[in-house]
Amino acid sequence: MPLLIQNRGLGRINSTAELFDKYPHLKENGRTFRSKPLVDVDPKCLLYVHQREFAATTPADNSVSVIGSDDATTCHLVVLRHTGSGAVCLAHCDGSSTWSEVPLLVKAVTSLSNGSKEGRLELHLVGGFNDESKTSHKLSLNILAAFQKQKEDIHLETCCITEINDIVIDGTHRPVVYGIGVNVKTGDVFPSSFTHKGPAEELRSARTFTGGQMADIYDSSRGMVKIGPCKWSPNLDIAFWLSQNDDTILKYLSTSPMAEPPHFVQHMKSTIRFLLEHPNSDSLFPGSQPQLYHRAQTGDWERAV
């Protein structure tokens, strides 16, 4: 079945402008969403999702109350939730392979919903802005089209994407909302930003940097974050970036140099240093096993032995 808006099939659209013209309530909802204040999330109940990752869980989860992600400029943050079971998934999509990613998200939620008779699948899309290269716009259309292709009925509820999520500051277009969280117990979706991006922040960034595909990082049945095993080969050439100035790094390593959050360059450099310190990924995954983390009594993620 198609993507549904107010219980009617979306049909074919050629631009986000056409979508918002056709469904003015989506534009209003998007504007309402972007004007909400940022919500502070306690790291002790947060599961953070990096670029090209997703995580799914249910309200019965004792380790996670909020799934969140941020630092999205042209990227889109996708929340899919089943209103009957409460199963919810959050993904950070960068357009690397949208068509193969969307079915993974749908499967993650439906498989946790155990054939709940009641309820429906609801979709919330946040991210992107009016960037010069139209990267956000292309990603918006691809995500909508990929959800259109799913056999399940999926109801589009929040759509704060591309031009609706755009603001001009000092002559430069930027996103209004860079990050969101979803409350696993209530399904509430809200703007947020996160200082704690663990566990294994550098390892996960290195996985994405070296071309890792969309990955499911959470086993909700065990309350475990699972990373890898990842594959990369030594690449000493990347050391070149450590001696470059911020503008050069932004120009070549970002899809939106003018709109990145202030910590972008530092984040890139620490990822590159991590890759230089671990030129071969095998050493990080003894016996080709993933790294596993569970919630310790302190509330921190702790490596499970």
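Me: Which elements do the buried residues of α2 pack against?
Reply: Before we look, this is a predicted model, where local features need pLDDT of at least 70, side-chain atom pairs count only at pLDDT 80 or more, and totals for chains, interfaces and linings use all residues. Residues are numbered from 1 along each chain as its sequence is written, and side-chain values use heavy atoms, leaving out hydrogens and water. Helices (H or I, at least four residues) and strands (E, at least two) are DSSP runs, numbered from the N terminus, while buried means under 20% relative accessible area, exposed over 50% and partly exposed in between (1.4 Å probe, protein chains only). With contact taken as heavy atoms within 4.5 Å, the buried residues of α2 pack against β1, α1 (16–22), β8, β9 (154–161), β12 and β13.

Me: Within what arc do the buried residues of α2 fall?
Reply: Helix α2 covers residues 24–34, and its buried residues are L26, G30 and F33. An α-helix has 3.6 residues a turn, so residues three or four places apart point the same way. The arc is taken from the directions that run from the helix axis to the C-beta atoms. Seen down the axis, the buried residues of α2 line one face of the helix, because they fall within an arc of 60°.

Me: How far is D131 from the nearest side chain of opposite charge?
Reply: You will find D131 in the loop between β8 (121–127) and α4 (135–148). Lys and Arg count as positive and Asp and Glu as negative, with His and the chain ends not counted; a salt bridge needs a side-chain nitrogen of Lys or Arg within 4 Å of a carboxyl oxygen of Asp or Glu. D131 is buried yet has no salt bridge, and the nearest side chain of opposite charge, K138, is at a distance of 7.0 Å.

Me: Which side chain makes a polar contact of 2.7 Å with that of D131?
Reply: A polar contact is a pair of N or O atoms within 3.5 Å; within protein, one must be able to donate a hydrogen and the other to accept it, and residues adjacent in sequence count only if both atoms are side-chain atoms. The side chain of D131 makes such a contact with the side chain of S133, at 3.0 Å. Leaving aside neighbours within four places in sequence, D131 is in contact with T74, S136 and H137. The polar contact of 2.7 Å is with the side chain of S136.

Me: What is the phi of N7?
Reply: N7 sits in the loop between β1 (3–5) and β2 (8–9). It is exposed, at a relative accessible area of 57%. N7 is not a glycine, yet its phi is positive, at about 65°.

Me: What is the phi of S288?
Reply: Look in the loop between α7 (264–277) and β17 (291–295) to find S288. Its relative accessibility is 55%, so S288 counts as exposed. S288 is a residue other than glycine with a positive phi, near 55°.

Me: How many disulfides does a search of the whole structure find?
Reply: A disulfide is a covalent bond between the sulfur atoms of two cysteines, and here it is a pair of cysteine sulfur atoms within 2.5 Å. For the whole structure, the number found is zero.

Me: How far is the nearest cysteine sulfur from that of C230?
Reply: C159 is buried, with a relative accessible area of 0%; it is in no disulfide, and the nearest cysteine sulfur, that of C160, is 8.2 Å away. C230 is in no disulfide, and its nearest cysteine sulfur, that of C75, is at a distance of 18 Å.

Me: Which residue forms a salt bridge with R120?
Reply: A search of the whole structure finds 11 salt bridges. R120 is partly exposed, with a relative accessible area of 28%. The closest N and O atoms are 2.9 Å apart in the salt bridge that R120 forms with E122.
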